Amino acid sequence: MTHEQEDNLIDAALAARKDAHAPYSNFEVGAAVLTASGEIFVGCNIENASFGLTNCAERTAIFSAVAAGHRSFLGLALASAGAVPPCGACRQVLAEFCEDLPIMLYDATENKPLQRKTTLVELLPDRFSA
């Protein structure tokens, strides 16, 4: 990924975070995933009063990209308070489509530069696969 692509992903994740529906946790997250064709798909967390039905920003973004026909990804950016990495469920969903994936974590509340770069392999070293 180029520096420009990284910047565009972070900007898209920050913008998506503004659309989060988080009335229960007040923890808003935005995600942006870059496809191999260069398109960016975004997602935000969407909470539900029945908590098990809540969907994370990462899964919202990846599911949108997959629904549009994409199966190959170059990077993921997340914007949240504290630059939190993806949860276990999101890591496994990402692993369905990616052997490895650069992941950029951005602390949206501090408006600081990129907080951490990591990879899917680092976050999920022994992924489950069928």
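Threonine 35 touches Phe41, Ala65, His70, Ser72, Phe73 and Leu74, leaving out residues up to four places away in sequence; contact here means heavy atoms within 4.5 Å. This is a predicted model, where local features need pLDDT of at least 70, side-chain atom pairs count only at pLDDT 80 or more, and totals for chains, interfaces and linings use all residues. Residues are numbered from 1 along each chain as its sequence is written, and side-chain values use heavy atoms, with hydrogens and water left out.

**More on threonine 35**

- You'll find threonine 35 in strand E1; strands (E, at least two residues) and helices (H or I, at least four) are DSSP runs, numbered from the N terminus.
- Threonine 35 is buried, at a relative accessible area of 0%. For these labels, buried means under 20% relative accessible area, exposed over 50%, and partly exposed in between, using a 1.4 Å probe and protein chains only.

- Five strands make an open sheet with mixed pairing, in the order E2-E1-E3-E4-E5. Two strands pair if DSSP finds at least two bridges between them.
- On the edges sit strand E2 (40–44) and strand E5 (116–119), each pairing on one side only.
- Neighbouring strands here are turned by 20° against each other on average, direction ignored. Axes are lines fitted to C-alpha atoms, for helices over the stretch in contact, and angles run from 0 to 180 degrees between N-to-C directions.
- Strand E1 (residues 30–35) and E2 run antiparallel, joined by five bridges; in E2, phenylalanine 41 is the bridge partner of valine 33.
- Helix H1 (residues 3–17) packs on the sheet and touches E1, E2, strand E3 (73–80), strand E4 (102–107) and E5, with its direction at about 145° to that of E1.
- Helix H2 (residues 57–67) lies across E1, E2 and E3, and runs at about 140° to E2.

**The nonpolar cores**

- The largest nonpolar core has 23 residues, and Val33, Ile62, Phe73, Leu76, Leu101, Ile103 and Leu120 touch the most other members. A core like this is a set of buried Ala, Val, Leu, Ile, Met, Phe, Trp, Tyr and Cys residues joined through side-chain atoms within 4.5 Å.

**The aromatic pairs**

- A search of the whole structure turns up two aromatic pairs. Rings of Phe, Tyr and Trp (its six-membered ring) pair if their centres lie within 6.5 Å; planes under 30 degrees apart count as stacked, over 60 as edge-to-face and the rest as tilted.
- Tyrosine 24 and phenylalanine 51 have ring centres 5.6 Å apart and planes at 75°, so they pair edge-to-face. Tyrosine 24 is partly exposed at 44% relative accessibility, while phenylalanine 51 is exposed at 58%.
- Phenylalanine 73 and phenylalanine 97 also form an edge-to-face pair, 6.3 Å centre to centre with 85° between the planes. Phenylalanine 73 lies in strand E3 and phenylalanine 97 in helix H3, so this pair ties together parts 24 residues apart in sequence.
- Phenylalanine 73 is buried, at 8% relative accessible area, whereas phenylalanine 97 is partly exposed, at 25%.
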